[in-house]
Amino acid sequence: MEHLSRFGDMSAAADFLGPGAIETPRYESEILDMVRRRGYLGQRIRAVPATGQPHRYFEQVRIVSGAFQDPRALTFTPGPDPTRRERFVTLKAIYAAINFGLFDVEVTRQQGQFSMLVAKDITDTVQGTLRTSDKAIWNGTDTDLIVPTTFEYVGGLTQINRTASIASTASIIDGLKAEVASLMASEVFDVRPTAIYVNPVLGDLIDQEERLNHRQMPQTVLNNVTGGLTVNGLSTQAGLLPLIPDWSLPNGATGGSTTESGKTDYRAVILSEALVERVYLTTPEPRTFVLGLEGNVATRYAVVLFDSVVFKGKANATQSQGTTESGLTTYSHTVVTVIR
């Protein structure tokens with residue numbers, strides 16, 4: 001049995017050898033799996049079919065407005081024409097692959113343990129593909145929705161160019177509420193913020209602030225995320241907005257820059273979620289393909305997702321049709337820097 005020598009002493013596989021007893025290793029049939037799957041924003045936004053490559057849509061940025069005149073001397077004076085602007089979003093691809101060796105799969109099945117592993121690993125690969133999408137919704141490295149610079153999405157932290165800052169000595173809650181009020185106060189666009197996304201570390205800082213002020217934050221339930229989620233709410237001019245802790249947002253220790261010496265920058269994002277869309281090709285969920293057998297009789301599976309993400313609501317009422325995309329200003333969302 002020379003070919004088994006690489007396994008060492010086979011008796012070491014037994015936990016105990018003695019008179020009338022041979023104890024061999026056994027395992028629970030359930031695998032402890034606490035690996036992170038989906039982010040929350042990816043589950044809450046709309047998925048819509050793409051119109052093509054690139055995906056295109058129109059945005060109204062101005063309507064004809066009337067003017068007060070002498071009621072006895074009305075003068076025909078045409079106002080500025082209605083303005084609609086064409087928008088583009090380039091579709092991206094996320095690809096995952098996994099191989100199952102025939103021999104190892106059949107040994108596992110014949111042992112009668114972990115017979116569900118193939119199905120679990122395929123399902124997890126699909127979930128992992130969506131997890132990659134969820135992280136890139138915020139942090140995608142591309143910088144142009146029309147002419148791609150990388151294979152990733154243009155992340156929300158890049159698309160949203162309306163920003164605000166809360167100083168290290170200022171109230172986080174007051175700052176967030178003031179920015180929501182500023183969004184709502186637009187005379188040109190009807191803005192309806194629906195949620196505030198924060199990294200859990202920043203969410204804890206907000207909770208600490210309320211406790212120090214001897215206030216109890218109201219809570220609300222998110223039913224459209226896996227398993228449901230109870231979160232704190234913030235009373236604003238837009239109503240009670242959920243403070244959604246999203247692990248995929250960078251915190252001070254993982255990607256936050258430093259504005260003040262000795263301080264850390266955190267990010268909160270005030271979103272009008274109805275204006276955030278994931279545009280997809282064919283299906284909104286990743287598709288799984290069996291690619292056949294390799295030379296070693298391993299089965300190959302591929303998981304593919306064609307989609308992109310767009311944070312709508314980026315315009316300027318005074319722009320002409322020929323104004324470039326770089327001159328657009330976000331009016332529907334805000335990225336808030338919290339310095340602590």
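Predicted model: local features only at pLDDT ≥ 70, side-chain atom pairs only at ≥ 80, totals over all residues.
Residues are numbered from 1 along each chain as its sequence is written, and side-chain values use heavy atoms, with hydrogens and water left out.

Let me begin with the overall picture. The protein has six helices and 18 strands, where helices (H or I, at least four residues) and strands (E, at least two) are DSSP runs numbered from the N terminus. Of its 340 residues, 38% are buried, and here buried means under 20% relative accessible area, exposed means over 50%, and partly exposed lies in between, with a 1.4 Å probe and protein chains only. If we take contacts (heavy atoms within 4.5 Å) between residues at least 6 apart in sequence, 70% of them join residues at least 24 apart.

Seven strands form an open sheet with mixed pairing, in the order 7-18-12-8-11-10-9, two strands being called paired if DSSP finds at least two bridges between them. Strand 7 (163–166) and strand 9 (219–222) each have a single partner strand, so at these edges one side of each is left without a neighbour in the sheet. From one strand to the next, the twist averages 30°. Strand 9 pairs with strand 10 (residues 229–236) in the antiparallel sense, over four bridges, and the bridge partner of Q219 in strand 10 is N232.

What packs on this sheet? Helix 6 (residues 200–212) does, touching strand 8 (195–198), strand 10, strand 11 (239–245), strand 12 (265–271) and strand 18 (334–339). The direction of helix 6 makes about 90° with that of strand 12; axes are lines fitted to C-alpha atoms, for helices over the stretch in contact, and angles run from 0 to 180 degrees between N-to-C directions.

Finally, I turn to strand 14. F289 has its place in strand 14 (residues 287–293) and is partly exposed, with a relative accessible area of 37%. L293 also lies in strand 14, and this residue is exposed, at 56% relative accessible area. Leaving aside neighbours within four places in sequence, L293 is in contact with A298 and T299. The C-alpha atoms of L293 and G101 are separated by 9.5 Å, although the two residues are 192 residues apart along the chain.
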